[in-house]
Amino acid sequence: MFYKTDAHHGLPHNPFKALVAPRPIGWVSTRSASGVSNLAPYSFFNAIGDTPPMVMISSSGYKDTVRNVEETGEFVCNLATMDLAEQMNTSSKMVEADVNEFELSGLSEVASNIVSAPRLGEAKASLECKRLSVQRLVDLEGKETNSWLILGQVVGVHISDDALVDGLVDMARLRPLARLGYMDYAVINEVFQIERPR
């Protein structure tokens, strides 16, 4: 099949997000200028550079995370793993800005080392980040969309000792979650290596 994205695809649900998958989940913690902590998962998340390390998050809608990053310039990306799947899902609930999703999900906030935003105490890894930019995305015609892009530089990395085997992060042991399309998720249970050609 083929469909133009400005026309209906004819399927029960839009397949776009199912085709761009699996996507890592940025479980982003922030703190508002007034001091309210926020925790929310984002599946439009990825690393975009390694020297210096940088990440991106895209939000469908101007949510508390976007506002908090704009106000404070700081955030933390926490690793979402299979053992925390239910809490991750609970933290995605649309609630008022004064609701603390750490408390809502029964999770603990821990002070970060560099940024003012808290990190997730139960996460096996966390990336402390400072804002590079926040921008509203525009389409081909220059019209503003309801998508917001956050670019951040990682300034500190937390890794649980349990996550390291022989000095390497063991992703199969951690079982990170990935977002697929629809209501589907996947978990990394197996890892293999492929040598690059020389």
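Start at the hairpin of E2 and E3 and select glycine 35: five residues lie between the two strands, and glycine 35 has a positive phi near 100°. You are looking at a predicted model, where local features need pLDDT of at least 70, side-chain atom pairs count only at pLDDT 80 or more, and totals for chains, interfaces and linings use all residues. Residues are numbered from 1 along each chain as its sequence is written, and side-chain values use heavy atoms, leaving out hydrogens and water.

**Along E2**

Next, colour strand E2 (26–31). Five of its six residues are buried, so to speak mostly covered, where buried means under 20% relative accessible area, exposed over 50%, and partly exposed in between (1.4 Å probe, protein chains only). E2 meets E3 in antiparallel fashion over six bridges; strands count as paired if DSSP finds at least two bridges between them. E2 also pairs with E6, again antiparallel, over four bridges.

Carry on from valine 76 and you reach glutamate 128, its bridge partner in E9. E6 and strand E9 (residues 125–138) run antiparallel and are joined by five bridges.

**The whole sheet**

Now zoom out and show seven strands: they form an open sheet in the order E3-E2-E6-E9-E10-E5-E4, with antiparallel pairing. E3 and strand E4 (45–50) are at the edges with a single partner strand each, so one side of each has no neighbour in the sheet. From one strand to the next the twist averages 35°, using axes fitted as lines to C-alpha atoms (for helices over the stretch in contact) and angles from 0 to 180 degrees between N-to-C directions.

**Helix H2**

Which residues of H2 are buried? Select Asp64, Thr65, Val66, Asn68 and Val69. Their cover includes E2, E3, E5, E6, E9 and E10. Centre the view on aspartate 64, which is buried at a relative accessible area of 16%. Its side chain makes a polar contact with the side chain of arginine 67 at 3.0 Å; such a contact is a pair of N or O atoms within 3.5 Å, where within protein one must be able to donate a hydrogen and the other to accept it, and residues adjacent in sequence count only if both atoms are side-chain atoms. Beyond its neighbours within four places in sequence, aspartate 64 is in contact with Asn38, Val95, Glu96 and Ala97, contact meaning heavy atoms within 4.5 Å. After H2 comes glycine 73, with a positive phi near 75°.

**The cores**

Show the largest nonpolar core next: it has 14 residues, and those with the most contacts inside it are Val28, Val55, Ile57, Phe75, Cys77, Cys129 and Ile150. A nonpolar core is a set of buried Ala, Val, Leu, Ile, Met, Phe, Trp, Tyr and Cys residues joined through side-chain atoms within 4.5 Å. At least two residues each come from strand E3 (37–42), strand E5 (53–60), helix H2 (64–72), strand E6 (74–79) and strand E10 (144–159). E10 gives the largest share, three residues. Another core, of twelve residues, lies apart from it, with Ile25, Ala85, Met88 and Leu107 among them.

**Last stop**

Finish at asparagine 113, in the loop between strand E7 (109–110) and strand E8 (119–120). Asparagine 113 counts as exposed, at 63% relative accessibility. Not counting residues up to four places away in sequence, asparagine 113 touches Glu128 and His158.
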